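This briefing concerns a predicted model.

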Amino acid sequence: MADIIKLLPDHVANQIAAGEVVQRPASVVKELMENAIDAGASTIKLVVKEGGKTLIQVIDDGLGMSVTDARLSFERHATSKIQKAEDLFQLSTKGFRGEALASIAAIAHVEMQTRTEEDEVATHIKIEGSKIIAQEVAVAPKGTSMMVKNLFFNIPARRNFLKSNHVELRHIMDEFHRVALAHSSISFHFYNNGSELFNLPSSNSRQRIVNIFGAKTNEKLVPVKEDTQVVKISGYISKPEFAKKSRGEQFFFVNNRFIKSPYLHHAILGAFDGLIKKENHPGYFLYLTVDPGSIDINIHPTKTEIKFDDEHTLYAILRSTVKHSLGQFNVMPSLDFEQDQNLETPYNYKNRSAELPKVIVDAGFNPFKEDSLAGSAQKSGFQKPSTKDWESLYVGMESNIGKNAGFSSVSFESDTITGSIFENRKETIDTGATTFQLRRKYIVTTIKSGMVVIDQSRAHQRVLYEKFLKNITIKEAVSQQLLFPLSLTFSKSDCAIIEEIQDSLTTVGFIFDSIDVEKVKVTGVPFSVPESEVGIILDQLISDYQQDFVGDGFSQTDILAKTLAKSLSVKTGEVLDSDSQLGLVNDLFACKESGVSPFNKPIFVTISEDEIDKKFI
Ligand code: ADP
Ligand code: MG
């Protein structure tokens, strides 16, 4: 057989490499900004158009390149940053693989203009799909300007895969934040579609954080500092009371490189344990400095994951350092490491005062009076939790045996309720006095063949979800006008999200007077949303939206309806009076899909009379 193996031509190899290095416009932004930093720039300008799809330009005032270097820089494995394999373990630069420019040039139209201090004229090079189109002499200041146009012009599949301009812009902003946070002494300018989005002067790291995330961030920050032989830690954590529902502001930098590390993240969570609610995320900006020889950065093409020699020690130091800062700045009640964990007050009880136990006696209670067990007990607010389950079970059974006719009075008819289990089984709910609340979590009620146990929170989520979906679709949301407009502060990127989903928000009843760079003025909110919760709900919406836009998830309206349903629903632990219980049960079974919550969890279980009977054999 003839030989069949051939070396791939360079432009093909470059395109393959590009698949790893360049996933989206944000990856180009990262690579170009890192090159500018490696070139020792003190000012970096980033210009993007249409989410980076048509233009990404990075202009720096760094070292620049000679004519030969300018040409070589686009070759694969061409780098000035390392020379031998050992250098890989003493890295002080962002780049070292020498493949970014080659990859980018393989899949875009690239124009570079660069000049060194010594050279009098600059070099201008134009490349399209790895082919050099032009090279000429130009006049330009010292430094480098890289212009990347029409990303993925020659790979339509990748181009079509890109998300909306808004979404791509947000990825770019994330990348920009990471680089800018890691280098606060460098000044950055960011222009999007012709207008300035960020202007970050050279500063210290605290100011940089505040300049990016808004003035209100300042009061949230608690400094962290620790010097050990293994690692130097500096930076900030945000006070527990500012923990957010979104994972947004969590940054680890190792030797000034942004990295992702679920393991170290866990150490921080450990330090915050008991201080924040389970569903909230602590904010942190932590800068770790370690011996470059003790880490391996070359384990991933995008260099955001690294391997530490001694991860366990790092974990322990990080955890206790953060814990210490929380204590030192008086944000933690006690710092006694010996203290028995069991004695610590869980978050939920922190601000509650002790209550005397109350004994309520139901004066009207008569065990011999028919139907009195559940009925009168509820009317008088009488609670007898320990026996409630079987009492009501008994009531249900009794009515089932004793007065079958009672069930025909139920308000659900199969033709009006679609999709309810009761339609299929030709069953109906007894809407008499036979609902009751079990452990402030479930609502128990009877059906012809036995009983249903309903998760109150999930049931309410379903009801609200369908209501909001309907409002959005037929655009008939009821809005409640606020007496005084609410002025809420968000970070720039959060405001960008609100602007992006503004139309959908309006369809559920939010009315915005204005959305500025960092401020949002709300004049109307959906009916049933308490004014005090508006900020929290918008925060939640932003976070859900952020998490979902990455996945191929759901439509905007769906996310919106889900979030609102989740935020506004009755929670486990809330006491419901009998009218509310009944109302909820009725609403639930009028839903299109009463069986599962918007988050795909079962809402109720049924227990048939047969099953109960069997237990008594
Ligand atoms: P790497 O950064 O891994 O070395 P790149 O493909 O990103 O690989 O860049 C190749 C080389 O081009 C770099 O090593 C550097 O010498 C040069 N270079 C790239 N961008 C710049 C810049 N903005 N200023 C000066 N030199 C640059
Ligand atoms: Mg590079």
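The shell around ligand 1 consists of six nonpolar, eight polar and four charged residues. In total, 18 residues surround ligand 1 in this predicted model, and the closest are Asn35, Thr79, Ser80, Lys81 and Gly98.

**Polar contacts and cover of ligand 1**

- A polar backbone atom of Arg97 is placed 3.1 Å from an oxygen atom of ligand 1.
- Leu101 also contributes through its backbone, with an N or O atom 2.9 Å from an oxygen atom of the ligand.
- Thr144 takes part through its side chain, a polar atom of which lies 3.2 Å from a nitrogen atom of ligand 1.
- On its own, ligand 1 has 530 Å² of accessible area, and the protein covers 92% of this area.

**Thr217 in its loop**

- Thr217 belongs to the loop that runs between helix H7 (205–213) and strand S9 (221–227).
- Thr217 counts as buried because its relative accessibility is 3%, and buried means under 20%.
- The side chain of Thr217 reaches the backbone oxygen of Gly214 at a distance of 2.5 Å.
- Thr217 and Ser238 are 21 residues apart along the chain, and 8.4 Å separates their C-alpha atoms.

**Nonpolar surface patch**

- Met1, Ile4 and Ile5 make a nonpolar surface patch of about 480 Å².
- One of these residues, Ile4, is located in the segment before helix H1 (10–21).
- Ile4 has a relative accessible area of 61% and is therefore exposed, the cut-off for this class being over 50%.

Definitions and conventions:
Residues numbered from 1 in each chain as written. Chains lettered and ligands numbered in written order. Predicted model: local features only at pLDDT ≥ 70, side-chain atom pairs only at ≥ 80, totals over all residues. Heavy atoms only, no water. Patch = residues over 30% accessible without salt bridge, like charges linked within 9 Å, V, L, I, M, F, W, Y side chains within 5 Å. Areas by Shrake-Rupley, 256 points an atom, 1.4 Å probe, with all protein chains shown as cover. Salt bridge = Lys/Arg side-chain N within 4 Å of Asp/Glu carboxyl O. Helix = DSSP H or I, 4+ residues; strand = E, 2+ residues; numbered from the N terminus. Buried < 20%, exposed > 50% of the residue type's maximum accessible area, 1.4 Å probe, protein only. Near = heavy atom within 4 Å. Polar contact = N/O pair within 3.5 Å; in protein donor to acceptor, adjacent residues only side chain to side chain. Nonpolar A, V, L, I, M, F, W, Y, C, P; charged D, E, K, R; others polar.
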